[in-house]
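Subject: The two-chain model, with notes

Hello,

Here is the model I promised to pass on. Please have a look at it before you read my notes below.

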Amino acid sequence: MSDLLLFNPGLILILGALPLPFLPLALRRIYVMALPVITFAYVLGLDAGASQTLSYFGYELEVLRVDRLSLVWAYVFSIAACLGVLYSLHQDDRLQDTTAVIYAGSGLGAVFAGDMITLFVFWELTAISSVFLIWANRNERAYRAGMRYLIIQIASGVILLAGVLLWINQTGSIAFNAIGIESLAGKLIFIAFGIKCAFPLLHNWLQDAYPEATATGTVMLSVFTTKLAVYALARGYAGTDILIYIGVTMTAFPIFFAVIENNLRKVLAYSLNNQLGFMVVGIGIGSELSLNGTAAHAFVHILYKALLFMSMGAVLHRTGTTKATELGGLYKSMPFTTVFCTIGAMSISAFPLFSGFIAKGMVLTAAAGEGYWGVWLVLVMASAGVMEHSGIKIPYFAFFAHDSGKRPKEAPLNMLLAMGITAFLSIFLGVYPDPLYDILPYPVDFAPYTIAHVITQLQLLMFSVLAFIFLIKSGLYPDEIPSTNLDFDVIYRRFAPKVIQNIGRSIATVDTGFRKSALELIGGIMRWVERTHGQNGILAKTSTAGVMIAWVVSLLVVYLVFYFIG
Amino acid sequence: MDKKSEYWLDQPGNIKLLIRITMVISAGLLFADLLYEKHPKVAVEYWFGFYGFYGFICFCAIVLAGKYLRKIVMRDEDYYERGTKDE
């Protein structure tokens, strides 16, 4: 590609989205679909090594850096943007159309950022544009969830900016490469990435916000923010040991919450958190195999996770809910959605011939190969957990289980088309992983389809199915209950406001008491002044000349008495 | 209620059939463990049927742990909404 035509392809989406609000519906549909398709075509034309720099206030900004790492993410981001837009074509919502495309463009733009200032700009733009996908529900609940989301996302940006400024001050370089957590700047940037990557205790914005977004909005949200963070970690912190333990915690704790969660889109949000854990472990190990594993996992995960969110979005669109307690038996009237959801479920559970299988094995093999057997054991356990919440629970409670009596129409054609293509890709890459392996950052030395891999993985999954049957039959499987489950967000949604309110109340009590005493004191003084200087007050009395003379004479007498005695 | 029979999965006999198929496949997979040479990276992989048993136990443990987790974290559905109204 000629140097003149080189630019950051995120801009096609961001600038291209600007006319969208002014177009009539029919034209808007064609135009909005064309934008990600053109972007994908442009990204396909980029070769590793391409770069574009701009001078800005004395800094050389590398607004486009194309290498093998950024390309993996760019390919899947632009494919997902196409699918996400196709999935939302049925709706007539200028706000969502515009912001979804800008959001996708910001994610893509950030992946191509070669310096930290460019990264920061796109990083913040993902936050600002994506919140509208939550607010687009246009109700109080979504508004509040969106505000919480925005505050946390902007906080990530502010911390990133602080870290970047420190980093530039210390190193004199703005290039975005390996950073490491040794310096304070490195730690700050690490935390900023960690917030967006939903590290444990920094994770709750994800489960809080994603289920509150629109049916179509959540599909877009599930693609970009968190995977951008995974990319940024892979770029800046590959081989950072602590990531192994952060990642393994991320794979483990969300699965317990996913078991008891009633809202199936929230189950998927917990599941997303768990999947990020596998990728983070891969970055922490930092070997070529594990980094390939992270990239491959991110690629296939974006597709099957979007597929799962799409199927739940279709259910939400048709029934108005994704609560397990209100669903069941939908396969009878939504057979295609059921099939697509099941394909997503089998992909995420990593059944052989589905895309999860050819990617997840890399990180697991890397963990075992590098001697992290404890980590490996947790990852295998977490894989059984994935089978539980995403492999079985999602399709089972939505489409099978107890018949809710609901007979909604099948999803709209564009949704079916988007789900169909995503499902096809999930199977295609599972059967024929070579095109994915060819684009990974390092040469691939990994054979997924060995007898041992296939049999052991099938054992794990089929025995998990057996366990599910056993638990259901024995009545041990917990019923779905409409409920709110407290997670870390209770700290900032309940405890912190309570503490602040209590502090406020205490201050108010002291303040009221103080004002009251002060008023009483002033009142007392006033009363005293009134008594002495008021109308009948002793100091306000007018006296006759005779009385005055009598007083003066008396004083003189007293003086004389003392004079003579003295 | 004739409609019920329209759906294959609504017939209890078919569910039983599916469960039996799952059990047969699982047993087959366990047996298959004996048929190939293992090149494990972790010692436990040598154990017969490790993945199957470990998967079964983990699955049950996760679900049952979830049940206990409920006792600690479960609140009414409108827990947070209520909070915003009465303050």
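What follows is a short tour of the two chains and of the place where they touch.

First, the ground rules. This is a predicted model, in which local features need pLDDT of at least 70, side-chain atom pairs count only at pLDDT 80 or more, and totals for chains, interfaces and linings use all residues. Residues are numbered from 1 along each chain as its sequence is written, while chains are lettered from A and ligands numbered from 1 in the order in which they are written.

**Chain A overall**

Chain A has 20 helices and 3 strands. Helices here are DSSP runs of H or I with at least four residues, strands are runs of E with at least two, and both are numbered from the N terminus. The C-alpha trace of chain A spans about 130 × 65 × 60 Å along its principal axes. Its radius of gyration is 33 Å, whereas a compact globule of 566 residues would have one near 24 Å. That radius is taken over C-alpha atoms, and the globule rule is 2.2 Å times the number of residues to the power 0.38.

Of the 566 residues in chain A, 53% are buried. A residue is called buried if 20 or more other C-beta atoms lie within 10 Å of its own, exposed if 12 or fewer do, and partly exposed in between, with C-beta atoms placed from the backbone. Among the contacts in chain A with a separation of 6 or more, 81% join residues 24 or more positions apart. Two residues are in contact if their C-beta atoms, again placed from the backbone, lie within 7 Å.

The expected span is 1.5 Å times one less than the number of residues.

Helix α10(A), residues 242–260, reaches 29 Å from its first C-alpha to its last, close to the 27 Å expected for its 19 residues. Because 15 of those 19 residues are buried, α10(A) is largely enclosed by the rest of the structure.

Strands β1(A) (residues 51–56) and β2(A) (residues 59–65) pair in the antiparallel sense over 6 bridges; pairing requires that DSSP finds at least two bridges between the strands. Tyr56(A) stands opposite Tyr59(A) in β2(A). The hairpin has 2 residues between the strands, and Phe57(A) takes a positive phi near 50° there.

**Two leucines to look at**

Leu201(A) is not a glycine, yet has a positive phi of about 75°. Leu201(A) sits in the loop between α7 (184–196) and α8 (204–209) of chain A, and counts as exposed with 12 C-beta neighbours inside 10 Å. Leu353(A), also not a glycine, has a positive phi of about 80°. Leu353(A) lies in the loop between α13 (335–348) and α14 (355–369) of chain A and is partly exposed, with 14 other C-beta atoms within 10 Å.

**Chain B and the interface**

Chain B has 3 helices and 1 strand, and its elements run α-α-β-α from the N terminus on. Buried residues make up 16% of its 87 residues. Ala43(B), in the loop between α1 and α2 of chain B, is exposed, with 9 other C-beta atoms within 10 Å.

Where do the chains meet? In all, 42 residues of chain B are in contact with 43 residues of chain A. On the chain B side, the elements that give two or more residues are α1 (12–32), α2 (50–73), β1 (74–75) and α3 (79–86). The largest share, 17 residues, comes from α2(B). This side of chain B divides into 25 nonpolar, 8 polar and 9 charged residues. Nonpolar means Ala, Val, Leu, Ile, Met, Phe, Trp, Tyr, Cys and Pro, charged means Asp, Glu, Lys and Arg, and the others, Gly among them, are polar.

Strands cross the boundary too: β3(A) (residues 484–485) and β1(B) pair in the antiparallel sense over 2 bridges. In that pairing, Thr484(A) stands opposite Arg75(B).

Best wishes
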